[in-house]
Amino acid sequence: MGRNNPKNIKIHNDKLHKEQAKKKEKELARKEKLKAITRKFNENNNS
């Protein structure tokens, strides 16, 4: 039985895409937090 059958390839790709999605989501959340912090900092400096 070969390792590169369509079922195994699909399972591998699904895992890979799930991991990539998690990574992307974490990155976006981090950017949003950074924007919020920057916005708050700028508001405090302007006051």
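Predicted model: local features only at pLDDT ≥ 70, side-chain atom pairs only at ≥ 80, totals over all residues.
1. Overall form. The secondary structure of the protein chain amounts to one helix and zero strands. The C-alpha trace spans about 70 × 10 × 5 Å along its principal axes.

2. The protein chain has 47 residues, and 0% of them count as buried. Its exposed surface comes to about 5,200 Å², of which carbon and sulfur atoms supply 55%. Buried means under 20% relative accessible area, so the percentages given for single residues below can be read against that cut-off.

3. Charge. There are 15 positive and 6 negative side chains in the protein chain. The centres of these two sets lie 6 Å apart. Side chains of opposite charge can pair when their charged atoms come close. The structure holds three salt bridges, taken one by one in the next points.

4. Asp14 and Lys10. The side chains of these two residues meet in a salt bridge, with a distance of 2.8 Å from N to O. Why is the separation of Asp14 and Lys10 about one helical turn? Asp14 and Lys10 are four residues apart in helix H1, and therefore about one helical turn separates them. Asp14 is partly exposed, at a relative accessible area of 41%, whereas Lys10 is exposed, at 51%. The cut-off for exposed is over 50%, which is why Lys10 with its 51% falls in that class.

5. Lys22 and Glu19. A salt bridge joins Lys22 to Glu19, and their closest N and O atoms are 4.0 Å apart. The two residues are three residues apart in helix H1, so they are separated by about one helical turn. Lys22 is partly exposed, with a relative accessible area of 47%. Glu19 is also partly exposed, with 48%.

6. Glu32 and Lys35. Here too there is a salt bridge, with the closest N and O atoms of Glu32 and Lys35 4.0 Å apart. Glu32 and Lys35 lie three residues apart in helix H1, so about one helical turn lies between them. Glu32 counts as partly exposed at 48% relative accessibility, and Lys35 counts as partly exposed at 47%.

7. Lys26. This residue is found in helix H1, which covers residues 6–46. Is Lys26 buried or exposed? Lys26 is exposed, because its relative accessible area is 65% and the cut-off for exposed is over 50%. Lys26 and Lys10 are 16 residues apart along the chain, and their C-alpha atoms are separated by 24 Å.

Notes: Residues numbered from 1 in each chain as written. Heavy atoms only, no water. Buried < 20%, exposed > 50% of the residue type's maximum accessible area, 1.4 Å probe, protein only. Areas by Shrake-Rupley, 256 points an atom, 1.4 Å probe, with all protein chains shown as cover. Lys, Arg positive; Asp, Glu negative; His and termini not counted. Charge placed at Lys NZ, Arg CZ, Asp CG, Glu CD.
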